[in-house]
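Thanks for asking me to look over this model.

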Amino acid sequence: VTAVAVSHDSRLIAASLKPEEWGPAVVTIREARSGEDVFTRLVGRGEVGDLVFSRDNKRLWICWLHGGVGVLDLASREVHVLVTGHRVHSLAVSPDERLLGVGTSDGSILIVDAATGETRSRFTGHTAWVASLSFHPTLPELASASTDKTVRLWNLDTGECRAVLDGHWEKVYATAYSPDGRTLATGSNDT
């Protein structure tokens, strides 16, 4: 299993299975309570790096490590590709679900329209791949964690990096804001 997501109503669990190199990527949707399969779907090629349910639990955003970002419509079971041409390591969805944060292997972050896939802006500053992204719950801010051992806080309105947090001495793989936005947790090999 390469990625797991739980629906916002806690009824569904999505999991991606690690394919053979460049093989088909598969996502399985299961009932959380019973563990029964709802469906399994081929969703593209290559390893899935991240899965994120929509708030209404009708869509599942997917990032492929070797191919981009797409969205799986859970009713029709169709996959719509939104972003291509980038090695993607992390994905975050804004609280209003209008924007996607897309972390790439070259250290850049794309801010993408969640409906059309159009790139709205590109943030640069990390010197290694972006492993995790988190949108602030109430402010126009995005936190990014990188294997360059830093966490950066980005202003979504201006595109400026407003802070670099460099307290980790190992690669940083995780970020998460508390629901009230007052705390940012980060995870690293050193913690």
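**Salt bridges and a surface patch**

1. Glu97 is buried, at 15% relative accessible area (buried is under 20%, exposed over 50%, partly exposed in between, with a 1.4 Å probe and protein chains only). Please keep in mind that this is a predicted model, where local features need pLDDT of at least 70, side-chain atom pairs count only at pLDDT 80 or more, and totals for chains, interfaces and linings use all residues. Residues are numbered from 1 along each chain as its sequence is written, and side-chain values use heavy atoms, leaving out hydrogens and water.

2. Glu97 pairs with Arg59 in a salt bridge, with the closest N and O atoms 3.1 Å apart (a side-chain nitrogen of Lys or Arg within 4 Å of a carboxyl oxygen of Asp or Glu). This pair links distant parts of the chain, 38 residues apart: Arg59 lies in strand 6 (residues 59-64), and Glu97 in the loop between strand 9 (88-93) and strand 10 (99-104). Strands here are DSSP runs of E, at least two residues, numbered from the N terminus. Arg59 is partly exposed at 28%.

3. The whole structure holds 7 salt bridges. Among them, Asp96 and Arg98 have their closest N and O atoms 4.0 Å apart; Arg98 is exposed at 61%, while Asp96 is partly exposed at 47%. Another joins Asp9 and Arg11 at 3.4 Å, N to O.

4. Do look at the surface too: Val1, Val4, Val6, Ile13 and Leu17 form a nonpolar patch with about 440 Å² of accessible area together. Patch members have over 30% relative accessible area and no salt bridge, with nonpolar side chains (Val, Leu, Ile, Met, Phe, Trp, Tyr) joined within 5 Å and like charges within 9 Å; areas come from the Shrake-Rupley method with a 1.4 Å probe, and for residues only the protein chains shown count as cover. Strand 1 (3-6) and strand 2 (12-17) each supply at least two of the patch residues. Ile13, in strand 2, is partly exposed at 31%.

Technical notes. Helices (H or I, at least four residues) and strands (E, at least two) are DSSP runs, numbered from the N terminus.
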